[in-house]
Amino acid sequence: MAQENKGIKAKVQQLGSSLSSMVMPNIGAFIAWGVITALFIPDGFLPNEQLASMTNPMITYLLPLLIGYTGGSMIHEQRGAVVGAIATMGVIVGSDVPMFIGAMMMGPLGGWCIKKFDERFGHRIRAGFEMLVNNFSSGLIGFALAIIGYYAVGPIVSILTEWLGLGVAAIIQAGLLPLANIFIEPAKILFLNNAINHGILTPLGTEQSIEAGKSILFLLEANPGPGLGVLLAFTLFGKGSAKASAPGAILIQFVGGIHEIYFPYVMMKPLMFLAVIAGGMSGTFTFQLLDAGLRAAASPGSIIAVLGMTPPNSYVAVIAGVVVATIVSFLVGMVILKSDRSEANDEDLAAQQAAVQSAKQESKGQAAENTATTDVENAELRKVDQVIFACDAGMGSSAMGASVLRKKMQEAGIDMPVSNASISKLKDDANTLVITQNELHDRAVQKAPSAEFVSVENFMNSPRYDEIVERMKNETSQVENAEETTAKKSNKVEDLTLSEVKHIVFACEAGMGSSAMGASVLRNMVKKSNLDVDVTNLVIDHLEDDAQSLVVTQKELYDRAEQKAPSAQFITVDNFMDTESYEQIVERMKEQ
């Protein structure tokens with residue numbers, strides 16, 4: 001049963017991550033729409049009829065299309081994005097309400113359809129017809145999905161949206177909205193915060209904002225008050241490193257809007273869940289009592305972002321709700337901390353986080369050895385050439401964690417890229433070290449099973465960063481690997497080692513045109529020679545690092561290609577139609 005619960009939770013997190021991953025990259029567009037609305041509508045700060053005319057087209061067309069485009073790209077990159085956007089246009093025109101939910105359905109559906117087409121027919125396209133087939137396939141599949149969206153999905157989603165709106169209105173009218181925080185606050189701490197806010201509340205809140213000019217739903221998850229109250233309680237009544245680190249966490253959480261910073265403080269004292277629930281409920285009750293609301297989603301959940309999205313007539317109500325939530329959360333947290341006589345509070349915060357995480361994993365039936373595989377000492381760092389911090393949204397606390405490790409590595413003289421990304425954007429690469437939170441480890445492994453992994457309890461303050469830096473400094477074999485990799489780069493066919501090559505990739509700026517024709521020529525040669533090698537062409541930015549690949553590119557593009565696929569072998573040409581080089585490659589493969 002524990003394993004079943006773990007599977008259900010992982011699926012819920014994955015669904016929530018997919019929804020939020022379509023909205024989060026486009027939050028800037030939502031904020032832009034909110035600012036234009038706040039400034040230029042008739043009751044805004046600077047009423048302007050001409051500039052206000054942008055609001056309806058943005059909410060009706062721009063935002064759903066961006067969501068659909070992003071959803072398609074998550075499934076099948078650029079081709080999926082284009083088909084997803086075309087399909088989304090069908091539901092937009094086929095309904096009378098903004099199609100956020102429809103876009104979340106049609107975008108991924110478009111990406112999935114074109115992906116399946118490419119998998120089934122991509123290798124059967126005759127030489128020289130690649131561009132023609134690719135363009136017409138995406139256009140015709142998008143056309144069909146747009147028709148389906150117009151006549152079927154759009155009307156259904158319109159009815160569903162109307163029902164959801166009526167349900168939310170009924171809950172608000174009955175005064176029951178504060179009860180939502182009983183679910184929202186614990187779910188946030190279990191890493192569903194972005195899914196709740198951007199996957200559910202943002203679309204529903206935007207519907208309300210169009211009709212009423214503001215929505216209380218934007219405040220349910222984004223309210224920084226409950227987290228601030230908990231951190232204040234630890235600042236005044238905590239012990240050890242928890243007390244020492246809480247003041248710094250306050251600035252990051254309340255002003256920076258990174259709510260994840262207070263999650264470990266709640267997890268190390270499970271009774272503190274009561275504090276954030278009480279704070280959330282009291283804040284929402286105050287918002288509802290004073291008719292508070294925001295113009296658009298506040299992201300991140302910073303007090304600055306919240307006030308920036310607040311209409312002129314709601315400042316007092318919004319500030320009051322945040323203050324009440326902070327006070328109630330602080331008072332409940334104070335009682336919990338003062339009544340706790342345990343000496344465990346004197347332990348280091350990171351150690352307590354590890355103990356809490358271990359207990360949570362055991363309660364879910366998670367094997368102890370599964371946790372061990374994420375320790376620094378078990379990671380093969382000698383082959384790592386990049387570090388990626390992975391979380392649900394690919395920003396927030398993971399971005400700050402990446403910044404912390406990047407600085408430590410620079411100080412240690414280690415020249416290696418450190419970045420952050422959402423789990424859904426991870427690519428399977430054996431030369432990548434993925435750092436993620438324990439709760440998200442299983443999902444990250446599914447996306448990049450060949451990568452090395454280190455799991456942490458808290459992106460902001462983990463002792464494992466120092467362990468990683470120390471290990472990398474001591475890995476003398478890193479230099480040897482670099483020399484071996486350099487030796488593999490060649491511009492002469494006779495210097496290549498082709499016995500292990502399984503893929504030949506033609507890489508250029510656009511991934512079509514002359515590179516497609518060159519790939520077609522070599523593919524025919526390989527086929528006639530009965531060699532078991534795939535020959536493809538793609539955009540240079542879409543190259544993946546693979547030691548079993550031979551990349552064919554033009555000389556002026558070699559440096560960019562080498563950065564994208566450092567483990568591959570290379571042959572550079574002046575002209576992709578250089579058949580002499582291709583004949584040499586085939587002959588060498590037959591010999592080896």
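A residue counts as buried here when its relative accessible area is under 20%, as exposed when over 50%, and as partly exposed in between (1.4 Å probe, protein chains only). Keep that in mind for helix α19 (residues 464-474), where R464, Y465, I468, V469 and M472 are buried. They span an arc of only 140° around the axis, so they sit on the same side of α19; the arc is taken from the directions that lead from the helix axis to the C-beta atoms.

This is a predicted model, in which local features need pLDDT of at least 70, side-chain atom pairs count only at pLDDT 80 or more, and totals for chains, interfaces and linings use all residues. Residues are numbered from 1 along each chain as its sequence is written, and side-chain values use heavy atoms, with hydrogens and water left out.

- pLDDT is the predictor's confidence in each residue, from 0 to 100; the protein averages 80, and 83% of the residues score at least 70.
- Residues 344-348 have a pLDDT below 50, and this stretch has twelve contacts in the model beyond near neighbours in sequence. Contact means heavy atoms within 4.5 Å.
- Residues 476-490 are also below 50, with 24 contacts beyond near neighbours in sequence.

- Helices (H or I, at least four residues) and strands (E, at least two) are DSSP runs, numbered from the N terminus.
- Four strands make an open sheet in the order β2-β1-β3-β4, with parallel pairing; two strands pair if DSSP finds at least two bridges between them.
- β2 (418-422) and β4 (452-456) are the edge strands, each pairing on one side only.
- From one strand to the next, the twist averages 25°.
- Strands β1 (residues 386-391) and β3 (residues 432-437) run parallel and are joined by five bridges, with F389 partnered by I435 in β3.
- α19 packs on this sheet, where it touches β1, β3 and β4, and its direction makes about 150° with that of β4. Such angles run from 0 to 180 degrees between N-to-C directions, with axes being lines fitted to C-alpha atoms, for helices over the stretch in contact.

**The sheet around β7**
- Another open sheet of four strands has the order β6-β5-β7-β8, and its pairing is parallel.
- Its edge strands, β6 (534-539) and β8, each pair on one side only.
- Here the twist averages 25° from one strand to the next.
- β5 and β6 pair in the parallel sense over six bridges, and H503 stands opposite D534 in β6.
- Strand β5 (residues 503-508) also pairs with β7 in the parallel sense, over five bridges; F506 has V552 in β7 as its bridge partner.
- On to strand β8 (residues 569-573): five bridges join β7 to this parallel strand, and T553 is partnered by T572 in β8.

**Why β7 is enclosed**
- Six of the six residues of β7 (residues 549-554) are buried, so the strand is largely enclosed by the rest of the structure.
- Both faces are covered: S549, V551 and T553 are buried on one side, and L550, V552 and Q554 on the other.

**Helices on this sheet**
- Helix α21 (residues 514-528) lies across β5 and β6, at about 175° to β6.
- Helix α23 (residues 579-591) lies across β5, β7 and β8, at about 160° to β5.
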